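Thanks for passing this one along. Here are my notes, in the order I'd go through them with the model open.

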Amino acid sequence: MKRMPATRRFAPTSLMLGNIVTGCSVLAPAGMLPELSGALDISIHAAGLLITFGAMVLCIGSPLTAWLTSRIDRRTLLGVTLAVLTVTNLASALAPDYASLLVIRLIMLAIGALYTPQAAGTGALIVPVERRGSTIAYIFLGWSLAAAVGLPLITFIASHYGFRVAYGGIALVGCVSCALLLWRLPHGLLGAPVDLKTWIELGRNRMVLVLLAITTLHMSGQFVIFTFMGPLLARLTGAGPNAIGLVFGLYGVCGFIGVMIATRIVDSWGPYRTSVLFTSLMLTGVAGWALSAGIYALMAASVAIWGLGFASTNSMQQVRLVASAPALASASVSLNTSVLYIGQAIGSAIGGALFANGWLHGAGYVSAAFVALALATILLTRPRHAAAE
């Protein structure tokens, strides 16, 4: 058997590292809401709108940019996207006020919307079909690492040195990641062109539509809590920055573990059964948060269980979408990313309203209701042959 060239062997790793930068760029405000609030003289609710408005831009930008850039070489496209993320994170570190930071963030995410779906689609182009599921899950490991390592570091750095230093750190990692991607990703990778016919075909695919609904539900549920997790812990348990950072760390580390397990079992279990397992863990975790609200140790343990499912479930959604319409993978994955961010916008808006009105205990129950509905919908998509799709 001919050995795969070194550049192509390490290409999935370069794509995964880019997802770390993307994940940190998207999640960063959640880890430093108090610092943004204090430094910019705004409320925590207003700081949370950086996530809500950013998610709205992402949900529009993902399918739009997939259409506009479908004929561009993936190495060039992804390299430019990472370069923009690097520059805009640096600009965020220098932003003089809230309005400037918000504008920079919207620009950052309008371009950054490209990265995650195109990285998944590119991963599918560089490996054999039988390794596609595990490779896509591996690329999404970057998001788990962003939560496991990046978010706790962002929380620590922001609480000790300010939000500007935290943004500067993301920019530095982005610069390194961009260089690695340009070094390792091969030239000449092109996905299927995306045009109006592509969107019509996706709209007629019932399984694709149901999978997109599942993504919206479970992301909405998670972000009711996640956007304001730090302030909620502080209000409900009196936790300080280090204790909050520890919970973010548990969330991310368990997410990393979950994706590693999913990567190992998905090719044998099939994405349906793997989805059921990890969505069930997610539901157990958010329900545990709701029932233990006010007890730090139990809330932290619940976040750890929740963390096992958060990234793995999304990875399985990507795998199921690719399997349900392989020829339309670039467009369907971009749509999944779009509804993922719709879910973030819905969840963070609901969470912000609950937080602003002092309904701190209600957030967990609202979150659990969304995730329970997502699990019920997954169960309705059980394939005729349970081992595979």
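The points below start with the overall picture and then turn to individual residues.

1. Ground rules. This is a predicted model, so local features need pLDDT of at least 70 and side-chain atom pairs count only at pLDDT 80 or more, while totals for chains, interfaces and linings use all residues. Residues are numbered from 1 along each chain as its sequence is written, and side-chain values use heavy atoms, with hydrogens and water left out.

2. Overall make-up. The protein has 18 helices and zero strands; helices (H or I, at least four residues) and strands (E, at least two) are DSSP runs, numbered from the N terminus. Buried residues account for 60% of the 389 residues, where buried means under 20% relative accessible area, exposed over 50%, and partly exposed in between (1.4 Å probe, protein chains only). Take the contacts (heavy atoms within 4.5 Å) between residues at least 6 apart in sequence: 85% of them join residues at least 24 apart.

3. Cores. A nonpolar core here is a set of buried Ala, Val, Leu, Ile, Met, Phe, Trp, Tyr and Cys residues joined through side-chain atoms within 4.5 Å. The largest has 102 residues, and L15, M32, F226, M229 and W306 touch the most other members. Helix α16 (residues 296-324) gives this core its largest share, nine residues. There's also a second, separate core of 15 residues, with L202, L212, V276 and L328 among them.

4. A histidine to look at. H218 sits in helix α12 (residues 206-226). H218 counts as buried because its relative accessible area is 0%. Not counting residues up to four places away in sequence, H218 touches M282, T313, Q317, V371 and A374.

5. Surface. F156, Y161 and V165 make a nonpolar surface patch with about 320 Å² of accessible area together. Patches are built from residues with over 30% relative accessible area and no salt bridge, joining like charges within 9 Å and nonpolar side chains (Val, Leu, Ile, Met, Phe, Trp, Tyr) within 5 Å. A salt bridge, in turn, is a side-chain nitrogen of Lys or Arg within 4 Å of a carboxyl oxygen of Asp or Glu. Y161 belongs to helix α9 (residues 141-161) and, at 59% relative accessibility, counts as exposed.

6. Two loops. D41 lies in the loop between α3 (33-40) and α4 (44-68). Phi of D41 is near 60°, a positive value in a residue other than glycine, and D41 is exposed, with a relative accessible area of 72%. P96 is in the loop between α5 (74-93) and α6 (98-112) and is exposed too, at 64% relative accessibility. P96 and L40 are 56 residues apart in sequence, yet 8.4 Å apart in space, C-alpha to C-alpha.

7. Cysteines. How many disulfides are there? With a disulfide taken as a pair of cysteine sulfur atoms within 2.5 Å, the count comes to zero. C175 is in none; the nearest cysteine sulfur, that of C178, is 7.1 Å away. C175 counts as partly exposed, at 47% relative accessibility, whereas C254 counts as buried, at 12%.

Methods
Accessible areas come from the Shrake-Rupley method with a 1.4 Å probe; for residues, only the protein chains shown count as cover.
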